[in-house]
There are 2 protein chains.
Amino acid sequence: MTDPLRVGIAGLGTVGASVVRVLASKATELQRQCGRPIAVTGVSARDASRDRGIDLSAAQWFDDPVALAKSDDIDVFVELMGGDEGPARQALKTALDSGRHVVTANKALLAKHGVALAEAAEKKGVLLNYEAAVAGGIPVIKTMREAMAGNSVSRVVGILNGTCNYILSRMEAEAISFEDCLKDAQRLGYAEADPTFDIEGNDTAHKLSILTSLAFGTKIAASDIYLEGISNISQADIRAAAALGYRIKLLGVAQRTDSGIEQRVHPTMVPNQSVIAQVMGVTNAVAISTDILGDLLLVGPGAGGNATASAVVGDIADIAKSQPGFQHGPVFGWPAKELKPYKKAQMRAHAGGYFIRLTVHDRAGVFAAIAKRMADNDISLESIVQQADSSLDPSQKTVVLVTHETTEAAVRRAVDGITKDGQLTDKAQVIRIERAG
Amino acid sequence: MTDPLRVGIAGLGTVGASVVRVLASKATELQRQCGRPIAVTGVSARDASRDRGIDLSAAQWFDDPVALAKSDDIDVFVELMGGDEGPARQALKTALDSGRHVVTANKALLAKHGVALAEAAEKKGVLLNYEAAVAGGIPVIKTMREAMAGNSVSRVVGILNGTCNYILSRMEAEAISFEDCLKDAQRLGYAEADPTFDIEGNDTAHKLSILTSLAFGTKIAASDIYLEGISNISQADIRAAAALGYRIKLLGVAQRTDSGIEQRVHPTMVPNQSVIAQVMGVTNAVAISTDILGDLLLVGPGAGGNATASAVVGDIADIAKSQPGFQHGPVFGWPAKELKPYKKAQMRAHAGGYFIRLTVHDRAGVFAAIAKRMADNDISLESIVQQADSSLDPSQKTVVLVTHETTEAAVRRAVDGITKDGQLTDKAQVIRIERAG
């Protein structure tokens with residue numbers, strides 16, 4: 001086992017360059033850990049002339065990633081190009097069909113084509129490793145795919161997008177608006193020029209869909225996720241949450257229910273005293289609940305060149321340790337062909353506590369009218385309080401309700417009723433509460 | 001690959017029985033995940049007649065675990081007997097020498113003989129898996145041994161003993177004394193009849209020594225750990241910590257310093273706002289800092305039959321997935337023969353912040369005398385405050401100091417000086433502060 005593992009890397013952006021750097025600077029350690037050297041023998045990127053500050057002299061340059069993917073001089077194809085179609089998909093598929101192991105950080109591609117790619121990998125008996133695709137450096141794929149063998153997962157909850165968690169953390173810490181916070185995040189490089197994909201929850205949804213498949217042995221269903229971003233979270237929500245002992249986080253939640261599997265991404269109130277509430281800034285976290293192990297929480301860097309590279313290098317090292325022909329278990333925990341169809345739970349059936357913030361006319365009878373609509377829909381209240389809000393016109397006031405466990409459908413009916421009653425001066429804000437995690 | 005993996009289990013206590021139960025109840029899932037069935041073909045325990053509520057009819061009974069360890073009818077020997085010498089050590093060694101893979105939960109045995117056993121495993125090319133030995137169900141071994149390949153660890157910090165964390169959590173939540181809390185923990189089964197091993201930190205030290213070896217590629221040195229238990233933590237400490245925004249945890253800390261590796265187990269003040277401070281009750285946590293990945297925190301159940309069984313089953317599944325002859329990388333990350341000697345850092349050189357609680361005579365000049373001793377030893381103070389303590393005689397008062405970063409040696413000299421000055425009416429309490437983690 002002293003032949004080097006030959007690695008071809010497609011995509012030399014921040015992560016790709018960092019992988020090349022780590023493989024070079026940690027060559028001795030990795031060889032000792034893996035029992036064989038790891039050599040980068042091929043690379044591909046858009047611009048051959050760009051100086052990336054890395055030594056690529058020992059690697060063959062490919063203008064075409066697909067040519068690299070089927071090159072006879074690589075054992076592993078590392079896809080770090082990004083994109084859910086086009087060259088990334090084509091090159092990755094070519095590598096698998098050519099019997100190369102694959103390591104990828106591409107959550108969008110897996111969310112869309114993961115099952116088909118897993119089938120291709122399993123057909124050829126090669127590994128498809130993707131630790132870096134979900135929660136960056138946190139070893140959540142390895143944990144769910146390997147360490148939790150035999151466990152039945154009931155629930156996965158994650159802070160999976162660093163940009164959103166950074167914005168929500170700063171909004172709370174510095175009492176600044178979502179818009180100002182976003183601008184600052186863009187300036188600091190924590191948010192993209194077009195931040196829609198992050199702040200509206202799509203990135204979280206891609207990652208969640210992969211965890212859902214691992215958790216429940218179902219086909220990936222990224223387009224079937226209830227989605228709500230953080231762009232309508234206001235200082236009033238943050239302050240009201242704090243007053244009640246909660247913090248607002250953008251969570252991805254996947255859980256087994258009687259009617260099917262619930263997959264949802266939305267701003268969520270979590271108790272201040274919970275561990276997940278303490279996860280601040282760009283840090284990610286994943287909480288997993290199972291029947292045997294119980295509750296596990298993993299917290300760490302969800303993005304960044306080095307953290308992501310660490311996950312990619314871990315995936316490459318796992319391949320280096322395995323002998324030719326070794327089968328490391330199925331890509332998504334269960335053989336891809338045996339993944340069950342995804343059966344979506346009805347969002348309106350979602351049961352839980354709710355935080356409801358209403359801006360109402362300051363007049364007699366408002367509390368009574370609100371309380372009656374709640375009672376009519378069998379919603380039991382934990383609290384209903386009026387909160388001071390100096391930003392409001394004196395003719396208006398803010399009423400905050402916290403409900404005991406009820407259903408999404410009941411809450412929607414009640415809020416529709418209150419709206420129809422003419423009590424509101426602004427759209428109602430409804431935020432789900434997760435007490436566990 | 002459809003031959004079953006044949007498992008022999010020695011030790012049928014809580015964990016052993018739970019492993020048998022999980023392997024039976026999750027047989028279908030495990031077969032799908034591993035690509036082959038897992039069968040318990042042999043068992044050994046002290047009392048063959050005891051009803052454990054599990055079906056052992058398909059397994060051969062061995063009165064002698066050593067005979068089971070070398071039986072031709074097993075591929076994997078699972079050691080759940082406990083004890084750092086005697087039958088456990090002998091059986092485990094026999095299994096390795098006979099070319100059987102081994103799974104163990106025995107931290108005491110590994111802390112004492114881990115390197116020799118790893119050498120035996122690596123010589124035979126078999127796996128020695130021990131996820132359950134440290135932090136129960138938390139996949140910290142897999143994370144450090146596999147996911148962090150190529151990373152250089154600078155620091156590992158852990159809440160590794162559920163009994164201690166349970167006692168400290170309850171002391172804070174209910175303002176009861178250490179003694180009352182311990183009695184209650186014993187009544188509830190969270191503490192042993194003889195709790196010394198847990199509360200004096202020995203159990204934490206065993207687990208820490210294994211993590212240290214994985215972190216730094218050094219030989220295990222469990223007897224070279226600075227040890228301080230929680231039995232002298234009082235309500236006065238808990239209250240003073242809370243007033244300063246800290247919580248007291250029993251931490252195991254291993255870190256690389258200029259003078260060598262620091263391994264220490266002691267009560268520690270951690271900031272209330274840190275994630276690790278929120279880890280309450282019997283839950284365990286491990287925080288790992290590395291050069292590439294950054295900071296990772298794992299939180300989960302550190303003990304209990306099911307959580308421990310989950311780790312054991314994960315280890316067995318990893319073996320089931322590997323083909324005969326497959327080598328999963330070295331037992332302690334680096335080949336056992338290449339593990340470096342452990343070079344101990346001097347505890348007196350330990351640098352950090354300190355909490356010092358002094359019970360002093362209530363008279364003029366006390367503050368000045370204390371402050372002078374601190375200044376004489378180049379200790380810069382963050383705060384020095386007098387705290388009300390109704391449990392004290394009115395002629396005495398409590399003074400709490402928090403220092404900026406200084407050394408253990410300086411603190412000891414300063415406290416010795418204050419003691420010699422005749423200011424104290426009781427022994428000084430010194431608790432280290434960890435701001436990270």
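This is a predicted model: local features need pLDDT of at least 70, side-chain atom pairs count only at pLDDT 80 or more; totals for chains, interfaces and linings use all residues.
After α13(B) comes D378(B), a residue whose phi is positive, near 60°.

The arrangement of the two chains may be considered next. In general, two copies of a chain are related by a rotation about an axis and a shift along that axis. Here, chain B is superposed on chain A by a rotation of 180° with 0.0 Å of shift along the axis, and the RMSD of this superposition is 0.0 Å. The two copies are thus related as by a two-fold rotation axis. The same surface serves both copies, since 100% of the contact residues of chain B recur in chain A. Of the residues of chain B, the one that comes closest to the rotation axis is L298(B), whose C-alpha atom lies at 2.3 Å.

The contact itself takes 53 residues from chain B and 55 residues from chain A. The size of an interface is often given as the accessible area that is lost when the parts come together. Between chain B and chain A, the buried area is about 4600 Å², and carbon and sulfur atoms give 57% of this area. Of the area that chain B buries against chain A, 14% is supplied by R32(B), Q33(B) and I292(B), which is more than any other three residues supply.

Polar interactions also link the two chains. Between chain B and chain A, six salt bridges are counted, and one salt bridge joins K142(A) to E146(B), with the closest N and O atoms 2.6 Å apart. The count of residue pairs in polar contact between the chains, with both residues at pLDDT 80 or more, is 18. On the side of chain B that touches chain A, at least two residues each are supplied by α2 (27-34), α6 (140-147), β12 (295-301) and α12 (305-321). The largest share of this side, eight residues, comes from α12(B).

Technical notes:
Residues are numbered from 1 along each chain as its sequence is written. Chains are lettered from A and ligands numbered from 1 in the order in which they are written. Side-chain values use heavy atoms; hydrogens and water are left out. Copies are superposed by least squares on the C-alpha atoms of residues with pLDDT of at least 70 in both. Contact means heavy atoms within 4.5 Å. Helices (H or I, at least four residues) and strands (E, at least two) are DSSP runs, numbered from the N terminus. Buried area is the accessible area (1.4 Å probe) that two parts lose on being put together, summed over both. A salt bridge is a side-chain nitrogen of Lys or Arg within 4 Å of a carboxyl oxygen of Asp or Glu. A polar contact is a pair of N or O atoms within 3.5 Å; within protein, one must be able to donate a hydrogen and the other to accept it, and residues adjacent in sequence count only if both atoms are side-chain atoms.
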